[in-house]
Amino acid sequence: MRSIVSARAFAAFAAVAFVAFFAGAALAAQPQPWQLGMQPSASPIKDFIASFHNMLLVIITLITIFVLALLLYTMVRFRASANPNPSKTAHHTLLEVVWTAVPILILAVIAIPSFKLIYFADKAPDAEFTLKVTGRQWYWNYQYPDHGDFQFDSYMVQDADLKPGQTRLLEVDNRVVVPVGAKIRVTLHGADVIHSWFVPALGVQKYTMPGRINEVWMMVDRPGVYYGQCNQICGINHAYMPIAIEAVDRATFDRWTAEAKRRFAQDGSAPLSVADLRARDERTQTAQNVAR
């Protein structure tokens with residue numbers, strides 16, 4: 001009876017884990033309950049990171065299995081009962097060369113793609129436009145110098161103000177809006193203390209430091225909303241400065257920037273979202289249909 005209950009419990013756990021894994025894989029925007037592994041990729045940098053991670057996973061698994069096999073072999077082959085007179089061999093030239101050379105070769109295999117990833121994720125000399133990010137206590141400021149040089153602050157939506165469908169601790173009043181497929185240079189600066197601009201699904205993580213401008217780039221592969229958080233312990237409200245990036249088609253991005261230049265020039269704190277633009281378009285279209 002106990003074995004049947006245990007089998008059912010294990011089957012239930014496996015089913016939950018299976019569903020949770022694929023549910024998490026379907027959404028790149030945010031972590032999911034019971035999610036296994038990293039968030040699915042939504043950018044070329046994250047593709048590279050995931051590929052490198054998978055290669056390291058294979059290497060470390062093989063090393064672990066090999067070391068475990070050696071330990072088991074040693075325990076069985078050289079146990080006291082089988083070796084009443086143990087060998088006094090102190091040196092073995094070939095063995096010492098092998099256990100020195102093989103780790104060096106493994107490190108070389110790891111180093112080559114690691115260096116490639118570092119340089120690939122570093123800078124984008126042919127970026128389409130620049131997004132300026134400033135970390136403040138405890139919110140983000142974003143500036144679009146190539147689209148009228150407007151800027152706005154982005155604060156976390158408080159629990160009392162959350163709307164249906166919004167995620168607690170991750171939703172913001174003003175999202176960063178970017179076009180799908182555009183290579184974007186992101187420059188980062190800290191206005192007060194060190195913050196960290198981290199978006200897992202895009203493979204982007206860079207510190208914002210006072211007195212220094214750091215740079216990274218990103219390119220979102222598909223439309224959606226991608227969340228991140230400051231993962232640097234920057235003060236009392238460190239856990240309450242999330243990041244939300246909304247990737248849209250080019251036409252929607254152009255309309256959003258045109259509206260943003262007008263809206264944020266009047267009141268830099270006035271929220272502006274893509275959903276507002278789409279709702280306004282629907283109202284306009286409905287009014288035109290009625291007029292006809």
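## Burial and overall make-up

Of the 292 residues in this chain, 33% are buried. Keep in mind that this is a predicted model.

As for secondary structure, the chain has five helices and 10 strands. Take the contacts between residues at least 6 apart in sequence: 63% of them join residues at least 24 apart.

## The nonpolar cores

In soluble globular proteins, nonpolar side chains tend to be buried together. Here, the largest nonpolar core has 39 residues. The ones with the most contacts inside that core are Tyr142, Tyr144, Trp197, Leu202, Met218, Ile245 and Trp256. Another core, of five residues, lies apart from it, and includes Leu170, Val172, Val225 and Tyr227.

What does Leu202 touch, once residues up to four places away in sequence are left out? Its partners are Ala42, Ser43, Ile45, Lys46, Met218, Val220, Tyr226 and Ile245. Two of these, Met218 and Ile245, are also on the list of residues with the most contacts inside the largest core.

## Aromatic pairs

Searching the whole structure turns up 14 aromatic pairs. One of them is Tyr144 with Phe152: the ring centres sit 6.2 Å apart and the planes meet at 25°, so this pair counts as stacked. Both of its members, Tyr144 and Phe152, are buried.

Phe150 and Phe264 make a stacked pair too, at 6.0 Å centre to centre with 15° between the planes. Because Phe150 belongs to strand β3 (residues 150–154) and Phe264 to helix α4 (residues 250–266), the pair ties together parts that are 114 residues apart in sequence. Phe150 is buried, with a relative accessible area of 5%, and Phe264 is buried as well, at 7%. Ring pairs also link Phe129, Tyr142, Tyr144, Phe150, Phe152, Phe253, Trp256 and Phe264 into a cluster. Tyr142, Tyr144 and Trp256 in that cluster turn up again among the residues with the most contacts inside the largest core.

## A nonpolar patch on the surface

Which residues form a nonpolar patch on the surface? They are Leu57, Ile60, Ile63, Phe66, Val67, Leu68, Leu70, Leu71, Leu72, Met75 and Val76, and together they have about 1,000 Å² of accessible area.

Val67 is one of the patch residues, and it lies in helix α2 (residues 44–77). Is Val67 buried, exposed or partly exposed? Its relative accessibility is 41%, so Val67 counts as partly exposed.

Key. Residues are numbered from 1 along each chain as its sequence is written. This is a predicted model: local features need pLDDT of at least 70, side-chain atom pairs count only at pLDDT 80 or more; totals for chains, interfaces and linings use all residues. Side-chain values use heavy atoms; hydrogens and water are left out. A nonpolar core is a set of buried Ala, Val, Leu, Ile, Met, Phe, Trp, Tyr and Cys residues joined through side-chain atoms within 4.5 Å. Buried means under 20% relative accessible area, exposed over 50%, partly exposed in between (1.4 Å probe, protein chains only). Contact means heavy atoms within 4.5 Å. Patches are made of residues with over 30% relative accessible area and no salt bridge: like charges are joined within 9 Å, nonpolar side chains (Val, Leu, Ile, Met, Phe, Trp, Tyr) within 5 Å. Accessible areas come from the Shrake-Rupley method with a 1.4 Å probe; for residues, only the protein chains shown count as cover. A salt bridge is a side-chain nitrogen of Lys or Arg within 4 Å of a carboxyl oxygen of Asp or Glu. Helices (H or I, at least four residues) and strands (E, at least two) are DSSP runs, numbered from the N terminus. Rings of Phe, Tyr and Trp (its six-membered ring) pair if their centres lie within 6.5 Å; planes under 30 degrees apart count as stacked, over 60 as edge-to-face and the rest as tilted.
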